[in-house]
Amino acid sequence: MNYPAIDTELLRTFVAIADYGGFTRAAEMVNRTQSAVSMQMKRLEEDVLQRAVFERDGRQVRLTAEGQILLGYARRILKLHGEVMNTLRQPHMVGSVRIGTPDDYVMRFLPGILSRFAQAYPLVQVEVHCDSSAQLLQRQDLDLTIVTRKPGDDIGEFLRQERIVWAEAIGFTPHEQPALPLAMFNSECFCRAWACNALDAIGREYRVAYTSPSLSAIMAVVSAGLAVTAQLQSLITPDMRILGEAEGLPQLPVCNIMLLRNERHQSPVTETLAEHIVEGFHI
């Protein structure tokens, strides 16, 4: 049976709508007018798939069950399409690129991203510089910078939204101590500021018992049962459990992970790595 071909641009727009929750913001991200985006999705639903992928409620849109299925396939197709085009068009790219990122994302996201990039472009040298988002935003020497921002205070390109959660090691109960012991990053870390503000708001006594610029050091302290931490939910390891209101701890906000490009340092190398980063954070 012959099926109609699905244009990758249709899939790219579809994924943008799913990620940003509406046609208006997605249109900005794919550099199209809102009417053009609407026409693309009409074509996708009526001509290509012949079924609805969105449920519309005024200006709000939600994925249907079929849309949820398509989203997974669309991400995989776009990822493979990008890898093929990058590899065949510029298989011999050379040069260097400097990335700035908080330590959080090095352990969770960058290994897979950099591994795939190195396989496609083995002659490109990548430097990774770890620091807090506040410090990274002040640097002018980085080609690409990954930072964490509050919703509504976004800059750059959206990568992912994460909830911040409380966590402690399974089998330990440091949250029951009169003064909650915390293991956190330094004072410039947004997680630390939000956690302390949330505890202050409910009058919960606490102490910052351990600080480190290294996520692995913080997680080692938590795994030993010595303290509670507040981190992105995707960073919580299997030996930890998430805490909440049942343990007397307040709910923490969500944050957006953003990618910044240094316009003065743009090149095919940096742009290609940026595409790998965008795809890697969506996995």
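Biologist: What do the side chains of Arg56 and Glu45 do?
Modeller: In this predicted model, in which local features need pLDDT of at least 70, side-chain atom pairs count only at pLDDT 80 or more, and totals for chains, interfaces and linings use all residues, they meet in a salt bridge (3.3 Å, N to O). The term stands for a side-chain nitrogen of Lys or Arg within 4 Å of a carboxyl oxygen of Asp or Glu. Residues are numbered from 1 along each chain as its sequence is written, and side-chain values use heavy atoms, with hydrogens and water left out.

Biologist: Which parts does that pair tie together?
Modeller: Arg56 lies in strand S1 and Glu45 in helix H3 (residues 34-49), so the pair links parts that are eleven residues apart in sequence. Helices (H or I, at least four residues) and strands (E, at least two) are DSSP runs, numbered from the N terminus.

Biologist: Are Arg56 and Glu45 buried or exposed?
Modeller: Arg56 counts as partly exposed at 46% relative accessibility, whereas Glu45 counts as buried at 10%. Buried means under 20% relative accessible area, exposed over 50%, and partly exposed in between (1.4 Å probe, protein chains only).

Biologist: How many salt bridges does a search of the whole structure find?
Modeller: The search finds 13. Another one joins Glu168 and Arg241, with the closest N and O atoms 3.0 Å apart. Glu168 lies in strand S6 (residues 157-169) and Arg241 in strand S10 (residues 240-243), so this pair ties together parts that are 73 residues apart in sequence. Glu168 is buried, with a relative accessible area of 0%, while Arg241 is partly exposed at 29%.

Biologist: Which residues do salt bridges that share partners join into one network?
Modeller: Arg98, Glu127, Arg139 and Asp141. Within this group, the side chains of Asp141 and Arg98 meet at 2.6 Å, N to O.

Biologist: Changing topic, what is the count of aromatic pairs?
Modeller: The count is seven. Rings of Phe, Tyr and Trp (its six-membered ring) pair if their centres lie within 6.5 Å; planes under 30 degrees apart count as stacked, over 60 as edge-to-face and the rest as tilted. The rings of Phe23 and Phe54 have centres 5.7 Å apart and planes at 65°, so this pair is edge-to-face. Phe23 lies in helix H2 (residues 23-29) and Phe54 in strand S1 (residues 54-57), so the contact ties together parts 31 residues apart in sequence.

Biologist: And Phe117 with Tyr121, what kind of pair is that?
Modeller: A tilted one, 5.2 Å centre to centre with 50° between the planes. Phe117 and Tyr121 are buried.

Biologist: Which residues of helix H6 are buried?
Modeller: In H6 (residues 110-120) they are Leu110, Ile113, Phe117 and Ala120. They cover an arc of only 105° around the axis, which puts them on the same side of H6; the arc is that of the directions from the helix axis to the C-beta atoms.
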